[in-house]
Structure formats: structure tokens, C-alpha cells
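Me: Could you walk me through this structure with a few questions and answers?

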Amino acid sequence: MTYPEIRKKLEKAFDDDRYEHTLGVAVTARMLARIHGADESDAYVAGLLHDCAKNVSHKKKIQTCENEGVDISEVERANPGLLHAKAGAILARTDYGISNEDVLNAIRSHTTGRPGMSLLEKIVFVADYVEPGRDERPELARLRREAFEDLDECVFHVLEATLKYLGETAKAIDPATRETYEYYERERNK
Ligand code: DGI
Ligand code: FE
Ligand code: FE
């Protein structure tokens, strides 16, 4: 599929806000790729598709993962919204023709992150948080600057802000989110 074809398909699938967010992440990821020396085209398409399973029903997300033999954790069963990342990586391949593993990994890891993310994965993870349409949270101004100046530090601070938010809203924390935070905390103290 060409990029305009992908955009059309996503525009049909999403409401206006989700589509705007998707374009914001794609353009932000592309700009971060240029600054940090990743492939701009990969960053753009990963940004476009990162939430491609967001509007899919919980039932279909679970089925999509089960059909592909992808493990579903307890937290994911209790909070199937989390599965839009794993299901998204599958749909990006089957419904949008993406075969680049790094792009698929960036979609798969965009919500919780994972220890040892590639440059592209870190870019998409951060772009999802700092894209211009994101609601203003107090730490966002600092994180937006940091995304361009020090990507690893920004990854750590996004994880920190996410854990803080999950704590405040009493949401179940995916062990993957905590493991990723602890990994980047250790890397930072090296
Ligand atoms: O899909 P987006 O809204 O653009 O962003 P996202 O993929 O980062 O998903 C954000 C949502 O996922 C937000 O409501 C917080 C939630 N989330 C992230 N990590 C965890 C989590 N929810 C739970 N329950 N546990 C987590 O560890
Ligand atoms: Fe998402
Ligand atoms: Fe997103």
C-alpha cells in the first residue's frame, strides 16, 4: 500500500481525533528520525500505523492475537485496550502489507515500551506521547524539548510520567511497563 492509501484507510477507520493523533505521531516520529538518524520513512509509516488496532473491538483484538499464537498476559485480558499494540503489529502486516520487522516492533512496543528498544521503537514510543495534539500535561513542555535533545532521557521520563499517571488513576500496571521503566532507570545510572 502507498502512504496515501494507508492514510485513507485509517481516516475511514478512525474518528477525527484519533486520525489527527495518528498524523501527529507520524510527522513527529519523522522529525525525530531526522534529528536522531533513523530512517524517516520507517518512522513515518510506524507512526501512521501505531494505533491501527485502536478502534477494533476487544473480542477481535483477542482473536487476532490468539490466531497468531501471540501470548496474552493476565493484565491484557483484564485490560484488552492494551492489546491494540500487539494486535496492531499483526494488522499492520496482514491488512496494510508492512513486512519491516523494526516497524512492526515499534507498533508492538508503543504502549508499554520494552527493555532494549531499537532507535525506531524509542522514536515511536516518545512521538506517541509528545505529538502536538496530546493534551497538555504539566511535564509535556519539558518532554517535548527533551525528545529532540536527549531521546534516551525522554524515554525514561515518559515511562516515569506514565507510571505516575497509572498510579493516580488506579489503573493496573502492565508488568511490561514497569520492567521497561526499571531497565531504562538502570541504563541511566550506568
Ligand atoms: O493509544 P494511545 O492512547 O495513543 O496511547 P497508548 O498506546 O500509550 O495508550 C495509552 C493508554 O494506555 C493510557 O490510557 C494508559 C494506558 N497504559 C499504558 N501503560 C499501561 C496502560 N494501562 C494499563 N492498565 N497498564 C499499563 O501498564
Ligand atoms: Fe496506542
Ligand atoms: Fe497513539
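Reply: Happy to! Donors are N, O and S atoms within 2.8 Å of the metal (3.2 Å for Na, K and Ca), and sites may look incomplete because water is not among the atoms. This is a predicted model, where local features need pLDDT of at least 70, side-chain atom pairs count only at pLDDT 80 or more, and totals for chains, interfaces and linings use all residues. Residues are numbered from 1 along each chain as its sequence is written, chains are lettered from A and ligands numbered from 1 in the order in which they are written, and side-chain values use heavy atoms, leaving out hydrogens and water.

Me: Which residues coordinate the iron ion (ligand 3)?

Reply: Along the chain, the donors follow the spacing H-x28-H-D-x76-D. At 2.2 Å, the iron ion (ligand 3) is held by His21 (NE2), His50 (NE2), Asp51 (OD) and Asp128 (OD).

Me: Which residue coordinates both the iron ion (ligand 3) and the iron ion (ligand 2)?

Reply: The two ions are 3.5 Å apart. The residue that coordinates both is aspartate 51.

Me: How far from an oxygen atom of ligand 1 is a polar side-chain atom of histidine 84?

Reply: A polar contact is a pair of N or O atoms within 3.5 Å; within protein, one must be able to donate a hydrogen and the other to accept it, and residues adjacent in sequence count only if both atoms are side-chain atoms. For histidine 21, a polar side-chain atom lies 3.0 Å from an oxygen atom of ligand 1. For histidine 84, the distance is 3.1 Å.
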